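Dear colleague,

Please find below the structure that I am handing over to you. My notes on what was found in it follow.

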Amino acid sequence: MLVNRMTEHVKEENWFAVALDFVIVVIGAGAALMGQQSLSTGQQRADLRVAEAALQSDLIGNYIFAKGRLAVADCRVGACQAIAGQSRGNCWRLAKHGPACQDRQEAR
């Protein structure tokens, strides 16, 4: 329909009408592209919020895991050294790290 109207205006040599039709088409296409970009930007922001929430959840989980590992690190080191010391006959390491392990186990 738009093509028929434009061809009639060209045949009649009504250049003002041809230019007006062209401007209407360009403005319509521009408005459609701006609307599409706006929707795309909104979707990108929503995806960003989801990714930020997932990242924050992962960071909190990693922090809790690291705190747990650090809380028993001395106990594990002491136990490993005690096992190594017993195999070599050095029991002084167990005496050195043993109370720290017992205190932490009692705190649980």
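What does the accessible surface of the chain come to, and what share of it belongs to carbon and sulfur atoms? The surface comes to about 9,000 Å², and 63% of it belongs to those atoms; accessible areas come from the Shrake-Rupley method with a 1.4 Å probe, and for residues only the protein chains shown count as cover.

This is a predicted model, in which local features need pLDDT of at least 70 and side-chain atom pairs count only at pLDDT 80 or more, while totals for chains, interfaces and linings use all residues. Residues are numbered from 1 along each chain as its sequence is written, and side-chain values use heavy atoms, with hydrogens and water left out.

**Confidence.** The pLDDT (the predictor's confidence in each residue, from 0 to 100) averages 78 over the chain, and 78% of the residues score at least 70.

**Helices.** The chain has 4 helices and 0 strands (DSSP runs, numbered from the N terminus: H or I of at least four residues for helices, E of at least two for strands).

**Buried residues.** Of the 108 residues in the chain, 11% are buried (under 20% relative accessible area; exposed is over 50%, partly exposed in between; 1.4 Å probe, protein chains only). In helix 2 these are Ala17, Val18 and Asp21. Asp21 counts as buried because its relative accessibility is 5%. Leaving aside residues up to four places away in sequence, Asp21 touches Arg5, Met6 and His9.

**Valine 23.** Valine 23 lies in helix 2 (residues 15-71) and is partly exposed, with a relative accessible area of 40%.

Yours sincerely

Notes: Contact means heavy atoms within 4.5 Å.
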